[in-house]
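Dear colleague,

I am handing over the structure below, and I would be grateful if you could read it alongside the notes that follow.

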Amino acid sequence: MTQATVERTETGGEPPVLAVRDLVKRYGHDTAVDRVSFTIYPGETFGLLGPNGAGKTTTLALIAGLLRPDGGDVIVCGHSLRTARRLAQRHLGVVPQDIALYPELTAVQNMNYFATLRGLFGAERRRQVEEALELVGLTEHAGQRVERFSGGMKRRLNIAVGLLGRPRLLLLDEPTVGIDPQSRRHILDAVRSLAAAGTTVLYTSHYMEEVEYLCRRVAIMDHGRIIAQGPLDEVRALAGEAVVLRVPWRPALGDGDMDASQLRNVLQLPVETVDSELRIVLPTGAGQAPEVLNALVRLGISVDGLRIEAPNLETVFLALTGRALRD
Amino acid sequence: MNALKRVWTIAATALWRGYRRPVNVLVGIGLPLFFGVVVSSLFAGSGNETRAVVVDLDGGPAAQAFVKGLEATPMQVSRSTRAEAEEQLAAARIPLALVLPEDFSASVAAGHPHLELLHGPTYEPGGLVERRARALAASLATGRPAPELPVRTVPPRDMADADRYPYLRIVFGFYAMFALSTLMHQAYELHEERENGTLARMLALGVPFAEVVAGRALALWLEGAVQGAVMIGATAALGAPWLGAGLPALALSVLATLVCASGLALAVAGVTRTAAQVNNVAVLGSTAAAMLGGAFWPLDVVPEYVQKVGHLSPVYWAMDSLREAFAFGGPIVGQAQALAVLVLMGVLGAAVGVTGLRRLAG
């Protein structure tokens with residue numbers, strides 16, 4: 001596997017908020033996190049990108065102090081998780097991938113509960129709860145039980161809880177999985193607002209568009225290892241000539257009866273369906289497009305529009321691993 | 001201070017969340033209430049405790065008071081002639097018979113009660129019937145504890161509530177059973193917290209795992225206390241004389257039962273991994289404990305070896321603590337053994353539970 005590092009120090013003289021050094025986590029003979037190292041500086045939004053099962057969530061759990069590493073260390077605001085876990089955790093806000101809320105309670109009851117456990121009381125607790133709910137757009141639903149929330153609202157509240165205590169570093173683990181576009185947009189805007197206000201963010205996702213939208217520096221993980229990291233533009237350049245061919249995809253209107261995995265097998269190329277669109281990675285560049293379009297027509301797919309996209313993180317992942325990011 | 005606040009917050013929120021689920025209210029309060037008020041009445045109406053056969057050759061006031069007192073301990077007293085009693089003993093159908101001789105009332109009045117005890121081959125000296133008979137006879141003679149007799153050091157209770165005691169015994173047995181069952185079910189919520197990610201969230205906030213477990217244990221204890229208050233309060237409102245042995249005696253019985261039930265519930269949470277396992281242990285465990293402990297029927301009617309096995313049941317000791325208080329006066333003195341066993345069971349259970357639950361902390 002290619003190890004591509006284009007890291008550049010952007011300290012600006014300030015010490016890092018997070019320094020991950022040679023982190024290792026094993027489960028029996030499996031190595032879930034394999035010598036992972038990266039650094040995040042104050043005010044940065046750092047993206048950790050990788051397919052499902054790449055080791056992102058385990059890495060975040062190690063950083064949050066929820067798992068004990070088998071090797072390496074994590075330094076949060078100068079505090080080692082090995083020697084000063086509680087001190088380090090005071091600077092962390094964790095937004096887990098799963099909705100970690102109590103459905104029987106209202107939004108504000110959930111917030112108050114976790115705020116109290118965070119050590120917030122009285123007026124300060126009230127102020128921070130209100131601020132966080134406002135940031136995620138749930139002020140009007142504060143008194144509503146979480147079990148009546150939509151998936152997107154639950155995800156937004158999940159984030160709001162992570163903001164309690166005004167952490168210096170916010171860990172966001174796949175915060176937009178399985179939600180509607182409107183909530184997704186709301187979450188992305190909220191993360192941007194936080195970053196603009198100076199909060200440092202570690203954002204993990206397997207949606208490369210989100211990482212490209214939010215982050216200036218990224219790391220790409222696969223099989224527990226970081227296979228590329230650095231400023232976004234420089235990581236993108238690792239894709240070489242690969243491009244993405246995007247074609248409208250409407251199976252309900254007669255675009256064949258194949259799904260993405262069948263098309264992948266027929267075309268022998270990485271193929272995905274995203275938002276009524278086929279995305280086909282062309283490893284050798286746009287010159288492959290006519291051949292692929294002919295193949296689609298032969299399969300009964302009406303190609304009534306197309307777009308060829310410049311190299312992005314998806315194509316980088318393909319170039320480095322030979323697999324599509326969402327495999 | 002912050003640690004205490006966190007533990008209390010975890011406990012209070014867990015309790016509040018629990019009561020926001022209708023099914024929990026039904027299973028945790030409604031069902032015990034139904035058993036306490038309705039089913040217990042049916043069970044209590046089906047007969048008193050059994051065992052003691054009395055041959056009353058005296059028939060005087062002291063003999064009548066003796067029999068009434070024996071029934072209040074409680075026992076089902078059956079009167080018999082001497083010949084019948086001897087025949088039953090010979091056939092090993094009863095272990096012993098108490099004979100109140102013709103001079104029983106006179107001997108009581110003289111301060112030296114004369115009491116005979118007939119027994120067969122299965123009789124064990126110093127058994128419950130004998131001890132209570134001695135205590136009753138002594139108290140009838142002196143009106144106070146009889147130090148020369150190797151029996152309880154407190155006199156029997158006022159017999160005014162004696163006829164209601166079997167009902168109280170059954171209600172308290174059901175209470176112990178439901179406390180075990182409900183708390184074991186609720187203890188599984190620690191696993192749910194892990195599955196739902198809220199446990200990880202609390203730990204990521206820097207809350208020590210020990211505080212999470214302490215908060216959940218306190219929630220269990222509070223839930224059991226609410227259950228007890230509802231069952232005892234409702235039946236008291238219907239006239240059950242719960243305070244017959246005094247409030248401290250009742251409170252000690254309830255507290256020790258709760259310590260035991262919450263400790264055992266933690267143990268179940270510590271050794272199980274799935275909701276199905278917890279359900280099986282909670283339902284089978286609490287039902288078996290209730291059956292062996294004598295909640296459904298007096299232990300006197302089951303074989304002796306089953307009675308001995310019943311000593312392993314927390315329900316037995318919960319009921320024993322109440323019975324001893326009512327029969328011999330509370331608090332503490334008569335209850336001490338039962339209370340100690342209940343607390344010991346609870347502490348051992350909590351130790352097993354906390355050890356097992358450490359795996360949840362990751």
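Leaving aside neighbours within four places in sequence, Met111(A) is in contact with Val129(A), Ala132(A), Leu133(A), Ala160(A), Val161(A) and Leu164(A), where contact is taken to be two C-beta atoms, placed from the backbone, within 7 Å. Please bear in mind that this is a predicted model, in which local features need pLDDT of at least 70 and side-chain atom pairs count only at pLDDT 80 or more, while totals for chains, interfaces and linings use all residues. Residues are numbered from 1 along each chain as its sequence is written, and chains are lettered from A and ligands numbered from 1 in the order in which they are written.

Met111(A) is also, with Ala160(A), Leu171(A) and Ile220(A), among the residues that have the most contacts inside the largest nonpolar core, which has 171 residues. Such a core is a set of buried Ala, Val, Leu, Ile, Met, Phe, Trp, Tyr and Cys residues joined through C-beta atoms within 7 Å; a residue is buried if 20 or more other C-beta atoms, placed from the backbone, lie within 10 Å of its own, exposed if 12 or fewer, and partly exposed in between.

Turning to the interface, 21 residues of chain A are in contact with 20 residues of chain B. On the side of chain A that touches chain B, two or more residues each come from helix H2 (85-90), strand S7 (92-95) and helix H3 (107-118) of chain A, these elements being DSSP runs numbered from the N terminus (helices H or I, at least four residues; strands E, at least two). H3(A) gives the largest share of that side, five residues. By class, that side of chain A has twelve nonpolar, four polar and five charged residues, with Ala, Val, Leu, Ile, Met, Phe, Trp, Tyr, Cys and Pro counted as nonpolar, Asp, Glu, Lys and Arg as charged, and the others, Gly among them, as polar.

Chain B has 15 helices and four strands, and 51% of its 362 residues count as buried. In strand S1 (residues 53-56) of chain B, Val53(B) and Val55(B) point one way, Val54(B) and Asp56(B) point the other way, and all are buried. S1(B) pairs in the parallel sense with strand S2 (residues 78-79) of chain B over two bridges, pairing being counted if DSSP finds at least two bridges between two strands. S1(B) also pairs in the parallel sense with strand S3 (residues 96-100) of chain B, over four bridges. Val54(B) stands opposite Arg79(B) in S2(B) and opposite Leu98(B) in S3(B).

Phe174(B) is found in helix H7 (residues 165-187) of chain B, and Phe174(B) counts as buried because it has 24 C-beta neighbours inside 10 Å. Beyond its neighbours within four places in sequence, Phe174(B) is in contact with Pro32(B), Phe35(B), Gly36(B), Ser40(B) and Ala295(B). Of these, Gly36(B) is 138 residues from Phe174(B) in sequence, whereas the two are 6.8 Å apart in space, C-alpha to C-alpha.

Finally, in chain A, an open sheet of four strands has the order S13-S14-S12-S15, with antiparallel pairing. Its edge strands, each pairing on one side only, are S13 (271-273) and S15 (307-309) of chain A.

With best regards
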